[in-house]
Amino acid sequence: MDDSTAEIEKQLEELRGSENFIGFSAFDLFLDDDESRKKVGVLKISRHNHTPDTGFLKFTFIVDVYGDKDIREQVLAIFASFQDTGIDSEMDPNFMYIRPSEPAYQKDKAWFIGEVFFHFDSASAASKKNVVGFFIPFLTLRLPIEFRDLDWWDDDEANNHPQKKSAIKSITDFIKSKF
C-alpha cells in the first residue's frame, strides 16, 4: 500500500469517529419471487459519534453470493435501487447508501458488503427503540428483505427495551401505530 492510500484510509477512519457496535441480525434477501432463490445475510448495526450527541448509525449488510458474478450483480442492483429518489417520502430519515466497489481479490468475491448510513442529531434518535421501531421497518419497506430476531450487543437500554424482538413483530407494531 502506498503512502497516499494509507493517508486516505487514515482520514476515513477519522471521519467515521468511534464505532460502537450495538447489534446484529440475520436476514433473508429475496432476489425475485422464487423463494428458493433467497440469499442469507447478516446485518451489523453500529453507532458512530462525531460528538456525544451527533453522528450516524451504520447498517452493514453482508450477503453470501458464493462468488457468483450474476448473483453479485443482482444483489448490487437491489441495493442500488434502495436509494431511488422516486420513492422518497417526507418521513424518510436522512440516509446515504454507499455502493460497494468491485472486490479486488478472489477471496472477497464470495461476499457482498453494502452500507447504509443514517445521520442523527440527538443521541435519542440513535436509540435501540428507534432502530427497532423505525429504521428496521424503513429498510424492510425499501428492500426485499426479511429480518430475523435482532440481537443486541450490550444491554445499556435493557430497562427501556426488550433484549430481543422479532423484526416482523416490530414492523407490524410500527404499521399498526400509523393507523
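Q: Which residue in E3 is the bridge partner of Asn-49?
A: This is a predicted model, in which local features need pLDDT of at least 70 and side-chain atom pairs count only at pLDDT 80 or more, while totals for chains, interfaces and linings use all residues. Residues are numbered from 1 along each chain as its sequence is written, and side-chain values use heavy atoms, with hydrogens and water left out. E2 and E3 run antiparallel and are joined by 9 bridges (two strands pair if DSSP finds at least two bridges between them), and a hairpin of 5 residues connects them. Within this pairing, the partner that Asn-49 finds in E3 is Gly-55.

Q: In what order do the elements of the protein run from the N terminus on?
A: Helices (H or I, at least four residues) and strands (E, at least two) are taken as DSSP runs and numbered from the N terminus. On that basis the protein has 4 helices and 6 strands. Read from the N terminus, their order is α-β-β-β-α-β-β-α-β-α.

Q: Which residue in E5 is the bridge partner of Phe-59?
A: E3 and E5 run antiparallel, with 10 bridges joining them. E5 is largely enclosed by the rest of the structure, because 7 of its 10 residues are buried (buried means under 20% relative accessible area, exposed over 50%, and partly exposed in between, with a 1.4 Å probe and protein chains only). Phe-59 pairs across to E5, where its bridge partner is Val-116.

Q: Which element gives the most residues to the largest nonpolar core?
A: A nonpolar core is a set of buried Ala, Val, Leu, Ile, Met, Phe, Trp, Tyr and Cys residues joined through side-chain atoms within 4.5 Å, and the largest one here has 33 residues, with Leu-29, Leu-57, Phe-59, Phe-61, Val-75 and Val-131 making the most contacts inside it. At least two residues each come from strand E1 (18-29), E2, strand E3 (55-64), helix H2 (69-80), strand E5 (111-120), helix H3 (128-142) and strand E6 (145-152). With 6 residues, the element that gives the most to this core is H3.

Q: Which residues does Val-131 touch, not counting those up to four places away in sequence?
A: Val-131 is among the residues with the most contacts inside the largest nonpolar core. If contact is taken as heavy atoms within 4.5 Å, and residues up to four places away are set aside, Val-131 touches Ile-22, Ile-45, Leu-57, Phe-59, Ile-136, Pro-137 and Trp-152.

Q: Is Asp-28 buried or exposed?
A: Asp-28 belongs to a network of salt bridges together with Lys-38 and Arg-148. Lys-38 has a relative accessible area of 30% and is partly exposed. Asp-28, at a relative accessibility of 5%, counts as buried.

Q: How many residues apart are Lys-58 and Glu-115, whose side chains meet in a salt bridge?
A: The salt bridge between these two side chains spans 3.4 Å, N to O. It links distant parts of the chain, with Lys-58 in strand E3 and Glu-115 in strand E5, at a separation of 57 residues.

Q: How far apart in space are Asp-108 and Tyr-66, C-alpha to C-alpha?
A: Asp-108 has its place in the loop between strand E4 (95-98) and E5, and at 31% relative accessibility it counts as partly exposed. Asp-108 and Tyr-66 are 42 residues apart in sequence, and the distance between their C-alpha atoms is 10.0 Å.

Conventions
A salt bridge is a side-chain nitrogen of Lys or Arg within 4 Å of a carboxyl oxygen of Asp or Glu.
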